[in-house]
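Here is a short briefing on one protein structure. Look at the fold before reading on.

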Amino acid sequence: YSIMDLKNIKVKWEDEPKDNKLIELLKLAYTGELLVKIALIKAEGIVPFSDYKPVTSAQYIQYFEDLENQGKPPLLFVYPKNNFFVMSDDYNAYYLYKEKNYSTIGCLVLGEPIGEYVIECSEPFKLPPPTAVDISG
């Protein structure tokens with residue numbers, strides 16, 4: 001797998017808008033109160049929470065492409081709203097998917113993945129707690 005040295009990536013987190021609904025859904029998912037599913041969703045069915053657009057670093061692009069080359073590009077965390085799926089946690093990945101003209105994107109859905117944009121989805125499961133990233137080289 002690819003290891004990214006997170007110390008070299010400059011991200012201005014304070015610029016990224018805060019999505020309180022995503023935060024609440026993640027709390028429920030990490031405690032097991034909300035089961036999640038992995039779904040393949042048509043790209044046009046995924047919308048950003050805001051019009052924020054980061055400047056993506058070369059290091060992040062390399063990290064994304066390393067995962068992509070392994071056949072495992074990063075999942076977008078989304079939740080359903082008005083027949084669409086809202087993304088608010090990884091604007092860098094979202095815009096890279098758009099720039100690379102992906103027609104479908106793998107997503108972790110916090111809620112029920114239903115509607116015209118859903119191609120397929122997994123059985124529901126409890127979201128495991130996040131783990132630390134190995135940044136030693």
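This is a predicted model: local features need pLDDT of at least 70, side-chain atom pairs count only at pLDDT 80 or more; totals for chains, interfaces and linings use all residues.

- Six strands make up an open sheet, and their order is 2-4-3-5-1-6. The pairing is mixed.
- Strand 2 and strand 6 (118-121) lie at the edges. Each has a single partner strand, so one side of each lacks a neighbour in the sheet.
- On average, neighbouring strands are turned by 45° against each other, direction ignored.
- Strand 3 and strand 5 pair in the parallel sense, over three bridges.
- Val78 stands opposite Val109 in strand 5.

**Helix 3**
- Helix 3 packs on the sheet, where it touches strand 2, strand 3, strand 4 and strand 5. Its direction makes about 130° with that of strand 2.
- Seven of the nine residues of helix 3 (residues 91-99) are buried, so the helix is largely enclosed by the rest of the structure.
- The buried residues include Tyr91, Tyr94, Tyr95 and Tyr97.
- Helix 2 is also among the elements that the buried residues of helix 3 pack against.
- Just after helix 3, Asn101 has a positive phi of about 55°.

**Ser50**
- Ser50 sits in the loop between strand 2 (46-48) and helix 2 (58-69).
- Is Ser50 buried or exposed? Ser50 is buried, because its relative accessible area is 19% and the cut-off for buried is under 20%.
- The Ser50 side chain reaches the backbone nitrogen of Tyr52 at 3.1 Å.
- Leaving out residues up to four places away in sequence, Ser50 touches Pro17 and Tyr91. Tyr91 is one of the buried residues in helix 3.

Technical notes:
Residues are numbered from 1 along each chain as its sequence is written. Side-chain values use heavy atoms; hydrogens and water are left out. Helices (H or I, at least four residues) and strands (E, at least two) are DSSP runs, numbered from the N terminus. Buried means under 20% relative accessible area, exposed over 50%, partly exposed in between (1.4 Å probe, protein chains only). A polar contact is a pair of N or O atoms within 3.5 Å; within protein, one must be able to donate a hydrogen and the other to accept it, and residues adjacent in sequence count only if both atoms are side-chain atoms. Contact means heavy atoms within 4.5 Å. Two strands pair if DSSP finds at least two bridges between them. Axes are lines fitted to C-alpha atoms, for helices over the stretch in contact, and angles run from 0 to 180 degrees between N-to-C directions.
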